[in-house]
Each structure stands twice: as C-alpha cells, then as structure tokens.
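Please keep the sequence and the model in view while reading.

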Amino acid sequence: WTGKDKKSAAAENGEGPEGTSEAEAAASSMDDTADPDSFTVLADESRDRCLICGINFGMFFDQDEGEFMYKNCKEVRVENDETAINESEDVFVHVTCLRGLGSPEFLTMDQVLQVS
C-alpha cells in the first residue's frame, strides 16, 4: 500500500479522472475556472454561430490536428421534446454562453435561438 488514492496516482501519471488525460478531462468538464478558449470543436461551416447568442465562433487553424477549429465552443444536445429524445439534435454553443445558463448537460428548445 502506497498511501495514495487512485486520483493522486492518476494525477502523477498525467491522467485525469477515470484514466483520461488532463487535457481531455479539462475539455470535457465545464469548470468555471478553465479558459473558455481551451474548449475547441472541429469547425463546421453549416454550424458557425452560437445558438444561444447568435454570434459567430472564433476560428483558428490547429497545427497539430491539421484542421480548422472553433474556440470557446462546445457541442451540446438540444432536446426538442421531453417525450421524443430521438428528435434531439446536437448544436454548437459558446462555452461562456453555456456557463451563463448554469452549465447544463443539455439544452431545451426555449433556451436556443430559433433559426428559420
């Protein structure tokens, strides 16, 4: 017995919770202290605006991935109807906007802009 719990051992090995890397753990959590620009998503020209505020995402070229990415962006599920989860869709929103709503795991239709 080393006297260390699993979290301490994982942290020493550069891993976050449940064996994920620290970067993956930071990106997947909605920690209010994390830099919003550290949350990135692969750019998609058909989804270039935050569905909470309507403002375009900042885009940059990620040299490591070789792809254009959106910063301060997270993909979130929007449930169209409580009884029809199959009719839900994934949308891009600013991390800062999501934090303003209390960092929910999913959004409802009344929380997003209605795009016609």
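Predicted model: local features only at pLDDT ≥ 70, side-chain atom pairs only at ≥ 80, totals over all residues.

Two strands are taken to pair if DSSP finds at least two bridges between them. By that criterion β4 and β5 are a pair, because two bridges are enough and six bridges join these antiparallel strands.

The chain as a whole can now be laid out. It contains three helices and six strands, and along the sequence they follow the pattern α-α-β-β-β-β-β-α-β. There are 116 residues, of which 28% count as buried. The accessible surface comes to about 8000 Å², and carbon and sulfur atoms hold 48% of that surface. Among contacts with a separation of 6 or more, 54% are between residues 24 or more positions apart.

The pair β4 and β5 belongs to an open sheet. What is the order of the strands in this sheet? The order of the three strands is β5-β4-β6, and the pairing is mixed. Strands β5 and β6 (106-108) stand at the edges with a single partner strand each, so one side of each has no neighbour in the sheet. On average, neighbouring strands of this sheet are turned by 45° against each other, direction ignored.

Strands β2 and β3 are antiparallel and share five bridges; in one of them Asp-62 has Glu-67 of β3 as its partner. The two strands form a hairpin with four residues between them. In the turn of this hairpin, Gly-66 has a positive phi of about 70°. Strand β3 is also joined to β1 by three bridges, again in an antiparallel arrangement. Here the partner of Val-41 is Tyr-70 of β3.

In soluble globular proteins, nonpolar side chains tend to be buried together. The largest nonpolar core of this chain has 16 residues. Cys-50, Ile-52, Phe-57, Cys-73, Phe-92, Val-93 and Leu-107 have the most contacts inside this core. Which elements give two or more residues to the core? They are β4 (73-79), β5 (89-94) and α3 (95-100).

Cys-50 shows how separate parts of the sequence meet in this region. Apart from neighbours within four places in sequence, Cys-50 is in contact with Ile-55, Phe-57, Phe-92, Val-93, His-94, Cys-97 and Leu-113.

Two of those partners, Phe-57 and Phe-92, also form an aromatic pair, one of four in the count. A pair of aromatic rings is described by the distance of the centres and the angle of the planes. For Phe-57 and Phe-92 the centres are 6.3 Å apart and the planes lie at 75°. The pair counts as edge-to-face because the cut-off for that class is over 60 degrees. Phe-57 sits in the loop between β1 (40-42) and β2 (58-62), whereas Phe-92 is in strand β5, and the two are 35 residues apart. Both residues are buried. Ring pairs also bring in Tyr-70, which forms a cluster with Phe-57 and Phe-92.

Is His-94 buried or exposed? With a relative accessible area of 9%, His-94 is buried, because the limit is under 20%. Leaving out neighbours within four places in sequence, its contacts are Cys-50, Cys-53, Ile-55, Asn-56, Phe-57 and Asn-72.

Asn-72 leads on to backbone geometry. Most residues other than glycine have a negative phi. Asn-72 is not a glycine, yet its phi is positive, at about 55°. This residue lies in the loop between β3 (67-71) and β4, and at 12% relative accessibility Asn-72 counts as buried. Ser-103 likewise has a positive phi, near 55°, in a residue other than glycine. Ser-103 is found in the loop between α3 and β6. Its relative accessible area is 22%, so Ser-103 is partly exposed.

Key
Residues numbered from 1 in each chain as written. Heavy atoms only, no water. Core = buried A, V, L, I, M, F, W, Y, C linked by side-chain atoms within 4.5 Å. Buried < 20%, exposed > 50% of the residue type's maximum accessible area, 1.4 Å probe, protein only. Contact = heavy atoms within 4.5 Å. Areas by Shrake-Rupley, 256 points an atom, 1.4 Å probe, with all protein chains shown as cover. Axes fitted to C-alpha atoms, helices over the stretch in contact; angles between N-to-C directions. Phe/Tyr/Trp six-rings, centres within 6.5 Å; stacked < 30°, edge-to-face > 60°.
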